[in-house]
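Below are some comments on the model you sent. They are set out as numbered points, beginning with a single position and ending with confidence.

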Amino acid sequence: MQNIHHKFKRGVCSGAAQAAGQAARRRFPFEGSFTKIPRMKLSALAPALATVLIFFSLAAADPQNLALNKPATASSQQTPDHLAAKANDGDPGTRWCASTGDVPQWWQVDLQKPCDLSGAEIRWEMNGKNYQYGIEGSTDAIHWQTLSNQSDTTSTAQTQTLSFKADGIRYVRVRIIGLPGGTWASIDEVKIFGQ
Ligand SMILES: [Ca+2]
């Protein structure tokens, strides 16, 4: 009885499955094509898909900071804790600070080779203070050109991002020319972007 029931059940099920399959084939007469074409296309598209993935992963990556840990100097510096090198050590918790509250002051980095620059980011010590300054670039540390003029800025943002284009620049200098009372020239981090 069990065997009869089992056979009957299996017969019903396989019969139903066959009927369903035939019905499906009637609705989708191109079943064979659907199973073959996608495999061919995926195989053919694999190199292109890999290229697209690499492109988007590179585009999403952070821009390269050319200033990180490069030799830095300054017009003056507080010793021993707030040396020029503290403004490009990659640590926002350390900073360069001038030795007085006077302006102008400058902080400078040697990128050690000519670079094509696309911008910069400066994180000042204080949030809510109006630092007025300029970014300058040079090929020889003697002749300077203005890359970004922020001498009249009214921004009080602690982190400021600047875009500019300049090719063949080896030395970059931040010149601080205006400070609110009681605020000294002091920078947590300078990032210089480019290649
Ligand atoms: Ca730092």
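1. Which residues does Ala87 touch, not counting residues up to four places away in sequence? In this predicted model, the partners of Ala87 are Ala72, Arg95, Trp96, Trp107, Ile187, Glu189 and Val190.

2. Where does Ala87 sit in the chain? Its place is the loop between strand S1 (72-74) and strand S2 (96-97). Across the chain, which has 195 residues, buried residues make up 26%.

3. One separation at this site deserves a separate entry. The C-alpha atoms of Ala87 and Lys191 are 8.9 Å apart, while 104 residues separate the two along the chain. For the chain as a whole, among contacts with a separation of 6 or more, 71% are between residues 24 or more positions apart.

4. On the overall layout, the chain contains two helices and seven strands. Read from the N terminus, the order of elements is α-α-β-β-β-β-β-β-β.

5. Strand S3 (residues 105-124) pairs with S1, and the two run antiparallel with three bridges between them. Within this pairing, Ala72 faces Val109 of S3. Ala72 is also one of the residues that Ala87 touches.

6. S3 also pairs with strand S6 (residues 159-178), again antiparallel, through 13 bridges. Here the bridge partner of Val109 is Val172 in S6. Val109 therefore has Ala72 opposite it as well as a partner in S6, given that pairing is assigned from bridges between strands.

7. A further pairing of S3 is with strand S7 (residues 186-194), where seven bridges hold the antiparallel arrangement. Trp124 has Ile187 of S7 opposite it.

8. What is the mean pLDDT of the chain? The value is 83, and 68% of the residues reach 70 or more. Residues 1-21 have pLDDT below 50, and this stretch makes zero contacts in the model beyond near neighbours in sequence. Residues 23-35 are likewise below 50, with one contact beyond near neighbours in sequence.

How values were computed: Residues are numbered from 1 along each chain as its sequence is written. This is a predicted model: local features need pLDDT of at least 70, side-chain atom pairs count only at pLDDT 80 or more; totals for chains, interfaces and linings use all residues. Helices (H or I, at least four residues) and strands (E, at least two) are DSSP runs, numbered from the N terminus. A residue is buried if 20 or more other C-beta atoms lie within 10 Å of its own, exposed if 12 or fewer, and partly exposed in between; C-beta atoms are placed from the backbone. Two residues are in contact if their C-beta atoms, placed from the backbone, lie within 7 Å. pLDDT is the predictor's confidence in each residue, from 0 to 100.
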